[in-house]
Amino acid sequence: MMTVHPLPGLAVAPYERPSGVHPPLHFAEYRSTALRAPRRPLVLLPHRLTEVTGPLLGAERVTPAEADLTAQHDGEPQGQRIIVAGRVLDSGGRPVPETLVEIWQPNAAGRYRHSVDDHPAPLDPNFTGVGRCLTDSEGRYRFITIKPGSYPWRNHPNAWRPAHIHFSLLGRAFTQRLVTQMYFPGDPLFFQDPIFNSVPEAARDRMISRFDLGLTVPEWALGYTWDIVLRGRGATAFEQPDGHR
Amino acid sequence: MTGLTPSQTVGPFLAIGLPWPDGPFVVPEGTPGAVEITGRVFDGAGDPVPDALVETWQADPDGRFAHPDDPRGAVSPGFRGFGRCPTGPDGSYRILTVKPGALPCPDGGTEAPHLDVSVFARGLLDRVVTRAYFPDEARANAADPVLASIGDPARVATLVAEPAAAGRLRFDIHLQGDRETVFFDV
């Protein structure tokens with residue numbers, strides 16, 4: 001057994017432990033949770049070195065072209081061209097710089113380019129539906145894509161997902177890792193969607209982007225702004241009260 | 001504090017967006033001392049989960065991280081530390097890596113070599129987090145504060161990979177059921 005000597009001065013500042021934000025693992029209305037969500041109580045994992053660190057991937061893994069989902073084929077995809085942009089922040093309002101943001105989505109007709117998607121809507125030869133970028137030094141990200149369509153699923157009778165884009169964020173620490181979905185304002189399908197409604201009511205609107213005329217490019221594309229907030233340091237989150245918001 | 005963004009399920013179509021060609025390779029094939037960790041993800045009925053994503057995060061062989069929050073810095077430059085693999089039709093995943101070193105705890109103890117493991121899938125509204133420990137580290141595992149906090153040896157055993165062929169370990173993940181893996185509130 002290798003001896004590891006205590007490290008004088010090794011201070012690990014833990015991250016906050018959120019409550020009232022994330023959905024429960026068990027949510028009966030979303031039927032797929034029944035056989036997949038763990039039944040036993042989770043064991044508290046104190047934040048030590050493995051949890052406060054995380055992969056810091058370099059810009060060499062991402063090309064600028066990957067942020068434009070409308071320019072990945074010979075022709076342009078069908079649908080409403082949109083810009084989706086915002087900032088990745090921690091709960092203290094500090095930007096999360098140079099972190100990987102990955103997105104995937106169905107096409108304008110609500111069909112994913114995936115073999116198990118049998119929704120009888122057309123595929124678009126000019127749309128893959130996958131994008132990636134790194135946030136800049138201020139935590140900003142920006143994608144060009146088309147507005148995804150809604151699609152039916154078999155969770156309950158006449159079930160339809162509200163239009164959404166899947167987002168995956170690595171953050172700067174294992175504790176900050178987040179996979180979520182971004183929705184569009186005014187979607188009439190929210191009321192019947194168990195995935196959206198699995199989130200505590202007070203936090204649901206944080207998943208809805210905002211139409212932004214300032215981000216909209218005249219005669220070209222509509223803009224939607226969506227900021228993403230990852231966990232911050234529990235001990236230092238109050239140093240900068242309401243810093244950027 | 002600003003309101004955190006809630007988690008949502010990765011859904012059934014993650015395979016179009018998240019897998020990377022080099023995702024399973026924390027280290028390149030042919031790396032001396034590399035260990036292949038393979039396993040399967042099972043649901044509460046004992047059926048394989050064919051649409052999950054397994055991610056791993058770990059220290060380098062010296063027990064260090066190339067990250068500003070590890071004040072010691074890294075000894076092995078360029079070590080990625082991160083692995084990502086979607087499960088196949090039989091629920092299997094594969095990560096090629098090297099064994100991490102033991103880690104000093106802020107309170108003076110020592111954590112045994114381990115990988116932090118996240119599992120994402122349709123039906124999981126948030127990721128679930130577990131840890132993979134190494135079967136040839138019995139003494140270090142016995143002194144590990146996280147394993148000690150679990151107590152029940154049968155539960156602890158769900159976090160220790162099993163030796164397979166030379167250079168290979170098996171780490172199955174049971175989301176639910178009699179053999180349910182220990183998952184952590186991280």
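In strand 8 of chain A, Ser168(A) is the bridge partner of Glu102(A). The structure is a predicted model, in which local features need pLDDT of at least 70 and side-chain atom pairs count only at pLDDT 80 or more, while totals for chains, interfaces and linings use all residues. Residues are numbered from 1 along each chain as its sequence is written, and chains are lettered from A and ligands numbered from 1 in the order in which they are written.

Strand 3 and strand 8 of chain A run antiparallel and are joined by four bridges; strands (E, at least two residues) and helices (H or I, at least four) are DSSP runs numbered from the N terminus, and two strands pair if DSSP finds at least two bridges between them. Strand 3 of chain A also pairs with strand 4 (residues 130-134) of chain A, in the antiparallel sense, over five bridges. Here Leu134(A) in strand 4 stands opposite Leu100(A).

Five of the five residues of strand 3 of chain A are buried, that is, 20 or more other C-beta atoms, placed from the backbone, lie within 10 Å of the residue's own. Leu100(A), Glu102(A) and Trp104(A) point one way from the strand, and Val101(A) and Ile103(A) the other way.

The contact between the chains (C-beta atoms, placed from the backbone, within 7 Å) takes 73 residues from chain A and 65 residues from chain B. Among the elements of chain A that each supply at least two residues to the side touching chain B are strand 1 (43-44) and strand 3 (100-104). Strand 1 of chain A pairs with strand 12 (residues 184-185) of chain B in the parallel sense over two bridges, and Val43(A) stands opposite Phe184(B).

Technical notes: Contact = placed C-beta atoms within 7 Å. Buried ≥ 20, exposed ≤ 12 C-beta atoms within 10 Å, placed from the backbone.
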